[in-house]
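Work through the exercises below with the model open. Each task is followed by a solution in steps.

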There are 2 protein chains.
Amino acid sequence: MPDNLSIRLDFRSQVPIYTQIVEQIRLRVASGQLRPGDQLPTVRQLATELRVNFNTVARAYRQLDEAGLISTQRGRGTYIWEPPTGAALEALRREGLAERARVFVEEARRDGYTDSEITRAVQAALSGGDEPVELHQPERLEK
Amino acid sequence: MPDNLSIRLDFRSQVPIYTQIVEQIRLRVASGQLRPGDQLPTVRQLATELRVNFNTVARAYRQLDEAGLISTQRGRGTYIWEPPTGAALEALRREGLAERARVFVEEARRDGYTDSEITRAVQAALSGGDEPVELHQPERLEK
DNA sequence: ATTACATTGATACATTGATACATATGGAGC
DNA sequence: GCTCCATATGTATCAATGTATCAATGTAAT
């Protein structure tokens, strides 16, 4: 099982802890960081790591279980279930990106940045990267 | 948590109860009587002590939270704001908006999202979420 | 007097925590 | 191999805590 899911919680956020956990695990499944058969940390392990009550983790696991993403087995542990396919996978990908965007925006806003500043920063990052952008201007160097 | 904040209320004053609570907690934080990480009495405890409705205390706590002085967490309690330390502080110092946007875009691209998908996701997050908060409310760490 | 607004109180609710429980695993002893 | 039991795992239930919503109250303006 992965020793560290590197889940980041924002205790001050309005979005509940268990939802944050759910979304971040979805994210890792959607991106392939977690693969079918992988064992997740036990509810108590993850709870200790995140400094949260294990019932909160259990609630997140139960939601993921009901969504068919993982398989929780009393006395044994929790495992990633089937790889989502087709439209489900596409939806999951979108949700994953949406969640990441939401977290990014929420943190930036809380730190006092305006919406237009955030938009500009993202556009700058998009055009600044070395990836699929085709600009007529010289590429920017890494900082 | 302190058993007694020794808050004195003047019920005949023109200044609202919740404002009196806010000001006296501000004072105790400023004077060091309340230190970062300290847990405040629960809204119900303090309300009983002061013989007011717990919603009044909750309102005071909410104002202090919005001012960044304390951190209220549903189901957990209320704590004096603790500035981030160690790795979290380092991350905050390093991660300006531009840096965070760069990381966000980089990770999304690595997971196969297209630039237009990323742009749409950010716009959706910007329009979907709450309006920006103008006060500085940095992330709170666990108690 | 009437209206509008701010403040406080009452009630229901969502989230998190504490505790006890049910189930599965693995080893000790036989 | 089998039994027993300690341990590890997820589950169920209730308590504790802050939040949302609306009603009641008081105060000022018209």
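**Exercise 1.** How many helices and strands does chain A have?

*Solution.* The model is predicted: local features need pLDDT of at least 70, side-chain atom pairs count only at pLDDT 80 or more, and totals for chains, interfaces and linings use all residues. Residues are numbered from 1 along each chain as its sequence is written, chains are lettered from A and ligands numbered from 1 in the order in which they are written, and side-chain values use heavy atoms, without hydrogens and water.

Step 1. Helices (H or I, at least four residues) and strands (E, at least two) are DSSP runs, numbered from the N terminus.
Step 2. Chain A contains 5 helices and 3 strands.
Step 3. Along the sequence they follow the pattern α-β-α-α-β-β-α-α.

**Exercise 2.** Determine the strand order of the sheet in chain A, and find which strands stand at its edges.

*Solution.* 
Step 1. Two strands pair if DSSP finds at least two bridges between them.
Step 2. The 3 strands of chain A form an open sheet with the order 1-3-2 and antiparallel pairing.
Step 3. Strand 1 (39–40) and strand 2 (70–73) of chain A are at the edges with a single partner strand each, so one side of each has no neighbour in the sheet.
Step 4. Strand 2 of chain A is joined to strand 3 (residues 77–80) of chain A by 4 bridges, in the antiparallel sense; A:S71 has A:Y79 as its bridge partner.

**Exercise 3.** Describe the hairpin of strand 1 and strand 2 of chain B.

*Solution.* 
Step 1. Strand 1 (residues 70–73) and strand 2 (residues 77–80) of chain B run antiparallel, with 4 bridges.
Step 2. B:Q73 is bridged to B:G77.
Step 3. The hairpin has 3 residues between its strands, and B:G75 takes a positive phi near 80°.

**Exercise 4.** Which residues and elements of the protein surround DNA strand C?

*Solution.* 
Step 1. With near meaning a heavy atom within 4 Å, 24 residues surround DNA strand C, and the closest are A:I17, A:N53, A:N55, A:R76 and B:I17.
Step 2. Of the DNA strand C atoms within 4 Å of the protein, 74% belong to sugar or phosphate, the rest to bases.
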